Amino acid sequence: MKDNLHKLLRKHVEVLVAGGITYKGQFIEASEDTLFLKADTGWITVPMERVKSVRAQNPEDDESGEWRDRDVDPSFFRFK
């Protein structure tokens, strides 16, 4: 599964977890034990043994509008 996840790195995904829970966020990293997502509400860590599927999120399904890949706005680093 980890090889298939490499294609989704830094993309917005939906993660279906055992128990019927779906998490949405930007896929940041996966270790052998944990999957890491960055969501609007903060960081989400999901144990790999509970992950049922991971798929790319459709842009039409994104209610939050434009996502940012950075924690700090680039204008912060511009000197005046």
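Trainee: In which strand is Lys24 found, and is Lys24 buried, partly exposed or exposed?
Mentor: Bear in mind throughout that this is a predicted model. Lys24 belongs to strand E2, which covers residues 21-30. Its relative accessibility is 31%, and because buried means under 20% and exposed means over 50%, Lys24 counts as partly exposed.

Trainee: How far apart in space are Lys24 and Ala39, C-alpha to C-alpha?
Mentor: Along the sequence, Lys24 and Ala39 are 15 residues apart. Strand E2, which holds Lys24, is joined by four bridges to the antiparallel strand E3, residues 34-39. Between the C-alpha atoms of Lys24 and Ala39 the distance is 6.7 Å.

Trainee: Which residue is the bridge partner of Val13 in E2?
Mentor: Strand E1, residues 12-17, pairs with E2 in the antiparallel sense over six bridges. The two strands form a hairpin with three residues between them, where Gly19 takes a positive phi near 100 degrees. In E2, the partner of Val13 is Gly25.

Trainee: What is the order of the strands in the open sheet, and which strands stand at its edges?
Mentor: The sheet has five strands in the order E4-E3-E2-E1-E5, with antiparallel pairing. Each edge strand has a single partner strand, so one side of each is left without a neighbour in the sheet. Neighbouring strands are turned by 45 degrees against each other on average, direction ignored. The strands at the edges are E4 (42-47) and E5 (51-56).

Trainee: How many salt bridges does a search of the whole structure find, and which residues do they join into one network?
Mentor: The search finds two salt bridges. In one of them, Glu14 is joined to Lys24, with the closest N and O atoms 3.9 Å apart; since Glu14 lies in strand E1 and Lys24 in strand E2, the pair ties together parts that are ten residues apart in sequence. Glu14 also forms a salt bridge with Arg55, where the closest N and O atoms are 2.6 Å apart, and because Arg55 lies in strand E5, this pair ties together parts that are 41 residues apart in sequence. Through shared partners, the network consists of Glu14, Lys24 and Arg55.

Trainee: Is Glu14 buried or exposed, and is Arg55 buried or exposed?
Mentor: For Glu14 the relative accessible area is 7%, and because the cut-off for buried is under 20%, Glu14 counts as buried. For Arg55 the relative accessibility is 52%, and because exposed means over 50%, Arg55 counts as exposed.

Trainee: Where is Arg10 found, and what is its phi?
Mentor: Arg10 is found in the loop between helix H1 (2-6) and E1, and at 49% relative accessibility Arg10 counts as partly exposed. Most residues other than glycine have a negative phi. Arg10, a residue other than glycine, has a positive phi, near 65 degrees.

How values were computed:
Residues numbered from 1 in each chain as written. Predicted model: local features only at pLDDT ≥ 70, side-chain atom pairs only at ≥ 80, totals over all residues. Heavy atoms only, no water. Buried < 20%, exposed > 50% of the residue type's maximum accessible area, 1.4 Å probe, protein only. Pairing = 2+ DSSP bridges. Axes fitted to C-alpha atoms, helices over the stretch in contact; angles between N-to-C directions. Salt bridge = Lys/Arg side-chain N within 4 Å of Asp/Glu carboxyl O.
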